[in-house]
Amino acid sequence: MAAIEAGGTKFVCAAGYAPDQIIENTKIPTTTPRETFAQAASFFSRVASEHGEIAAIGVASFGPIDVDQNSATYGSILKTPKPHWAGANFLNGLAPLKAPIMVDTDVNGAGIGEARIGAGKTLRTIAYVTVGTGIGAGVIKDGVPQSGFGHYELGHIRPPRDKNADPYEGRCPFHGDCLEGVASGPAIIGRWGASLSDFPAGHEAINLEAEYLSHLALTLILGHMPEIIIFGGGVMKAPGLMDELRRKTKALIGDYLQDQRLKGDLSDYIVAPDLGDLAGVTGAMALAEMALANAQ
Ligand code: ZN
């Protein structure tokens, strides 16, 4: 099977037999769709010639992307600021491999990976959040990413704003000061002139970030009651951020919800990913399994 984690700067491609059995992998720079798809197809064709044919393909891609399998544009990148990629379609681009394909977002892909063999492996309903260049969240139930007419867009909720404490205007091109507009990596640099990892634990920059993210954690809990929330992405590595996020989320919940998981300091409930950089491609391999199952 073939797995691709398609990112804005690189495609991580892996071939293997299962999410925890990867036999070969490579990284390809994300340039133009024509060039990048051709390089990915040639990697997988070469692996197939040595190990046997590609039975299915899973793609976990940057978005926004059409993930509705009944849509005429399934697998197409939608409106994106990334040059050349709006309208690019994975089904067309990877058609030379002649294998069934399943496409989902990079966030859902990482969530599926964590649900399968990572921090959520014994649980039925998990939420996965990434906080980096953008903010995204996915909910995985029984191994399957949840969606409606499209994938969830929880990075664009509107957390309460105290504009005296934080006058930063926000940088989401669509909403200004939505969560992604005020709490993504680029927003942090826009406001503070530095990234969060440059500040010590307890600094107001870290506390403000935790405040904004706690509203996403609360929204996920109220809407989906996940058994765990995994927070990944580069911003989450800032010192003390995870602990402060737990404290602020706990304060927002108050004593309204009585579940055992929400007692204590939430250190087993709001957690870092187990799989690190491998989560996306692991999830993409699980998507390939689903594509294969659907085709049979
Ligand atoms: Zn927005």
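Colleague: In what sense do β4 and β5 pair, and over how many bridges?

Modeller: This is a predicted model. Here β4 and β5 pair in the parallel sense, over 5 bridges. In that region G58 stands opposite M102 of β5.

Colleague: Which helices pack on the sheet?

Modeller: Helix α1 (residues 33-51) does, touching β1, β2 and β3. Its direction makes about 155 degrees with that of β3. Helix α8 (residues 279-295) also packs there and touches β1, β2, β3, β4 and β5. The angle between the directions of α8 and β4 is about 135 degrees.

Colleague: In what order do the strands lie?

Modeller: The order is β3-β2-β1-β4-β5, in an open sheet of 5 strands with mixed pairing. β3 and β5 stand at the edges. Each has a single partner strand, so one side of each is left without a neighbour in the sheet.

Colleague: Now the rings. What describes a pair of aromatic rings?

Modeller: The distance of the centres and the angle of the planes. In this structure, the search finds 8 aromatic pairs. One of them is F11 with F90, stacked, at 6.0 Å centre to centre and 20 degrees between the planes. F11 is in strand β2 and F90 in helix α2, 79 residues apart.

Colleague: Why does F11 count as buried?

Modeller: Because its relative accessibility is 0%. F90 is buried too, with a relative accessible area of 0%.

Colleague: How is the pair of F62 and W85 arranged?

Modeller: Edge-to-face, with 5.9 Å centre to centre and 70 degrees between the planes. Both F62 and W85 are buried. Ring pairs link F11, F37, F62, W85 and F90 into a cluster.

Note on methods. Residues are numbered from 1 along each chain as its sequence is written. This is a predicted model: local features need pLDDT of at least 70, side-chain atom pairs count only at pLDDT 80 or more; totals for chains, interfaces and linings use all residues. Side-chain values use heavy atoms; hydrogens and water are left out. Rings of Phe, Tyr and Trp (its six-membered ring) pair if their centres lie within 6.5 Å; planes under 30 degrees apart count as stacked, over 60 as edge-to-face and the rest as tilted. Helices (H or I, at least four residues) and strands (E, at least two) are DSSP runs, numbered from the N terminus. Buried means under 20% relative accessible area, exposed over 50%, partly exposed in between (1.4 Å probe, protein chains only). Two strands pair if DSSP finds at least two bridges between them. Contact means heavy atoms within 4.5 Å. Axes are lines fitted to C-alpha atoms, for helices over the stretch in contact, and angles run from 0 to 180 degrees between N-to-C directions.
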